[in-house]
Amino acid sequence: MPETLTLAQARRIALAAQGLSKERPTGPATARSVGRSFAQMQLVQIDSVNVLSRSHYLPFFSRLGPYDKALLDRMSQKAPRSMMEFWAHEASFIQPAHFEALRHWQRRRWVSAEHLDAAQREQLRESILGLLATSRPLTASQITERLGHVEEKKNDHWGWNWNAVKVVLEYLFARGEVTSAGRTEQFERRYTLTTRAYPLVESQPGADPHDPLAREAALDLLVEASAKAHGVGTVKCLADYFRLPVRPVGEALERLAARDVVCPVDVDGWGSGLYRHLGVKLPRAASGQALLSPFDPMVFERTRLERLFGFHYRIEIYTPAHKRRFGYYVLPFLLRDTMAARVDLKADRAASRLVVRGAYDEPEAPSDTPVQLARELESMASWLGLATVEVEGTGGFAAQLRRSL
């Protein structure tokens, strides 16, 4: 019979897996603590929205408190790199050890150069690889200029109006032949050969796409990482983390269960058919608190979030303003083992303000939610280099939060 967990136990396991169950360390974060946090999450999603901060910086603040963002930049931009940009949940920083496995299981069908003339595609591929073999990392526009490529008339292909050079670059990125050596201030990738940025990649044989045993081992590696990052979850949850096909993930979990890496569990109030990673401990209590980015791994899978915490959450960036329920860039506030509130935040850098454009508590929010959230907002403002926190709105919770600052 599968082990049975209460919903509260499953919640604490999930928080422990993500490094969110304990109070944050009081001392300054180090490269080692940033690395440990990344190892727990396994991946960190990248997004261009900068209304508050680039999204990949926020999960580390949630787990470590104010830290030097240069630590994270060094991990992804300076040799030896311990973070690698690739397709995973979406565009993400991943563990370099997962690159080859992802390379053979990721299928972003929209990232294609098939609509280009075959001769043009191959000529551009050879030209791009030849240029990057002897140059510093370059953006797509720099590569276009270096190759003397004439910008063709723009079209609406994919909605991004990419020229042929950019199309082939993204095709090569998805294939793993080129990678990102970092981003510019405008968030453009600086492309380089994957083997130049990550020399070990060249020395590690990839999974042969025609070898079922090799592909099986690659999938098991990714599913084990996903299970460890979740602590407990359904097959669908675990597949979604790296955007893997559900049926093969279910088969991989059966293999991992046979090796005592995971075990099937039932969760009261959630259901059956879940799996627990046996390396993630069940804390006696949860004592942490954190503001969570809309792209935080803890809230990736919205259905799981709702089943675990009773917290219905949707990102509304792409929703027309008049249809938004809570705001443009809304962060859930985790208080101990409760998603206690949500706040719509904006960094007003010109006026040095962290603006709370909306604040909403949950029905089961603990009584100290306004006070603890105020402390969290003040800490975030300081980390972002902003002088004040200002709460807009006249609602009851907004007024409580304003008084608590």
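Biologist: Which residue forms a salt bridge with Arg259, and how far apart are the closest N and O atoms?

Modeller: The partner of Arg259 is Asp220, with the closest N and O atoms 3.7 Å apart. A salt bridge here is a side-chain nitrogen of Lys or Arg within 4 Å of a carboxyl oxygen of Asp or Glu. The pair links distant parts of the chain, 39 residues apart: Arg259 lies in the loop between α13 (246-258) and β8 (262-267), and Asp220 in helix α11 (residues 212-230). Helices (H or I, at least four residues) and strands (E, at least two) are DSSP runs, numbered from the N terminus. Arg259 is partly exposed at 49% relative accessible area, whereas Asp220 is buried at 6%. Buried means under 20% relative accessible area, exposed over 50%, and partly exposed in between (1.4 Å probe, protein chains only).

This is a predicted model, in which local features need pLDDT of at least 70 and side-chain atom pairs count only at pLDDT 80 or more, while totals for chains, interfaces and linings use all residues. Residues are numbered from 1 along each chain as its sequence is written, and side-chain values use heavy atoms, with hydrogens and water left out.

By the salt-bridge rule the count comes to 22. Another of them joins Arg189 to Glu170, with 2.8 Å between the closest N and O atoms. Here, too, distant parts of the chain are linked: Arg189 is in strand β6 (residues 189-193) and Glu170 in helix α8 (residues 164-175), 19 residues apart. Arg189 is buried, at 8% relative accessibility, and Glu170 is buried at 3%.

Arg353 and Glu390 also meet through their side chains, at 2.9 Å from N to O. Arg353 belongs to strand β13 (residues 353-361) and Glu390 to strand β14 (residues 388-391); this pair, 37 residues apart, again links distant parts of the chain. Arg353 is partly exposed at 21%, and Glu390 is partly exposed at 34%. Through shared partners, salt bridges join Glu85, Lys166, Glu170, Arg183 and Arg189 into one network.

As for the histidine, His230 is placed in helix α11. His230 is buried, with a relative accessible area of 5%. The His230 side chain reaches the backbone oxygen of Ser226 at 2.8 Å. Neighbours within four places in sequence aside, His230 is in contact (heavy atoms within 4.5 Å) with Ile13, Ala14, Ala17, Cys237, Leu238, Tyr241 and Arg304.

Technical notes: Polar contact = N/O pair within 3.5 Å; in protein donor to acceptor, adjacent residues only side chain to side chain.
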